[in-house]
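Dear colleague,

I am handing over the structure below, and I would be glad if you could look it over before reading my notes. The notes follow directly after it.

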Amino acid sequence: MQQKPARRSQSDRTREARDRLLTAAIDVLMEKGYAGLTTKEVATRSGLSNGALMHHFNSKAELVVAATAAVYDVAIERGQRVAKSAQAVKDPVAGFITDSLSVYFDWPFVAALEVIIVARTDAELMEQILPVMQHYRDTTNEVWLQVFRAAGFSAKQANTILNLTLNLVRGMAINRLWRHDDSYYRQLLKDWTRLIKSAISVN
């Protein structure tokens, strides 16, 4: 006799609905930007009603901030896996670049940038999105600074290399919005890695 599938709990259904809404929000954000995103379209793409969306999120801003937070939570988990690898301690500069590229050269950065640009002139939205971005940056920096220290870099060296590398990658990510030449950027990053290794001796 075939068993009936187990009934999903209310919490499972709520989580599934929320995940569908967040995924749809990112899709619309990537395609149409923050200004072009509507809660109605997000609801339609998720297969839920606009009323169901408003049950989970009170406003467009709240929805987009939650979607951005979900994206960066995944980025944090991915970065932690890279940082815990043996290769990361052996070559922390290359490991940190790999982690940074997976965020800034991919859709998470573009999605977040859409929100940040709008938030620049929207104090309420900035108040909501800034903690999300700060949490990602603080958590990621803490993990990688530990890797640099484990590899033998001093605290000052680790902090300098991490921040210079981060800003280099972010600058490339902005430039990449109109110049799609990843081989060019990756060669520059290889040159940057060589410069670091030749200029800084590990204690």
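How are helix 1 and helix 4 oriented to each other: roughly parallel, roughly antiparallel, oblique or roughly perpendicular? They are roughly perpendicular, because angles from 65 to 115 degrees count as such, while those under 35 degrees count as roughly parallel, those over 145 as roughly antiparallel and the rest as oblique.

Before the details, please note that this is a predicted model, in which local features need pLDDT of at least 70 and side-chain atom pairs count only at pLDDT 80 or more, whereas totals for chains, interfaces and linings use all residues. Residues are numbered from 1 along each chain as its sequence is written, and side-chain values use heavy atoms, with hydrogens and water left out.

The fold

The protein chain holds 10 helices and 0 strands, where helices (H or I, at least four residues) and strands (E, at least two) are DSSP runs numbered from the N terminus. Along its principal axes, the C-alpha trace of the chain spans about 60 × 55 × 30 Å.

Helix packing

Helix 1 and helix 4 pack at an angle of about 105°, with their axes 9 Å apart; axes here are lines fitted to C-alpha atoms, for helices over the stretch in contact, and angles run from 0 to 180 degrees between N-to-C directions. In this contact (heavy atoms within 4.5 Å), the residues of helix 1 include Leu-22, Ile-26 and Tyr-34, and those of helix 4 include Lys-60, Val-64 and Val-71. By class, the contact of helix 1 with helix 4 has 14 nonpolar, 1 polar and 2 charged residues, where Ala, Val, Leu, Ile, Met, Phe, Trp, Tyr, Cys and Pro count as nonpolar, Asp, Glu, Lys and Arg as charged, and the others, Gly among them, as polar.

Helix 4 also packs with helix 8, their axes coming within 10 Å and crossing at roughly 0°, and the two are therefore roughly parallel to each other. The residues of that contact divide into 16 nonpolar, 7 polar and 2 charged.

Helix 6 (residues 92–104) and helix 8 (residues 123–150) have axes 10 Å apart and an angle of about 160°, and they are therefore roughly antiparallel to each other. Among the residues that meet there are Phe-96 and Tyr-104 in helix 6, and Tyr-136, Arg-137 and Trp-144 in helix 8. The residues of this contact comprise 9 nonpolar, 2 polar and 2 charged.

Pockets

A pocket is an open set of points on a 1 Å grid over the protein atoms alone, where a 1.4 Å probe fits, with protein on both sides within 12 Å along at least five of seven lines; lining residues have an atom within 4 Å of a point. The largest pocket has a volume of about 240 Å³, a volume being the space filled by probe spheres set on the points, which are joined across faces, edges and corners. Its lining includes Tyr-104, Tyr-136 and Arg-137, and helix 8 gives the largest share, 5 residues. By class, that lining has 9 nonpolar, 1 polar and 2 charged residues.

The second largest pocket holds about 210 Å³ of space and is lined by 14 residues, of which Ile-26, Ala-70, Val-71, Val-74 and Trp-107 lie nearest its centre. Helix 1 (10–36), helix 4 (60–83) and helix 7 are the elements that give two or more residues to this lining, which divides into 8 nonpolar, 2 polar and 4 charged residues.

With best regards
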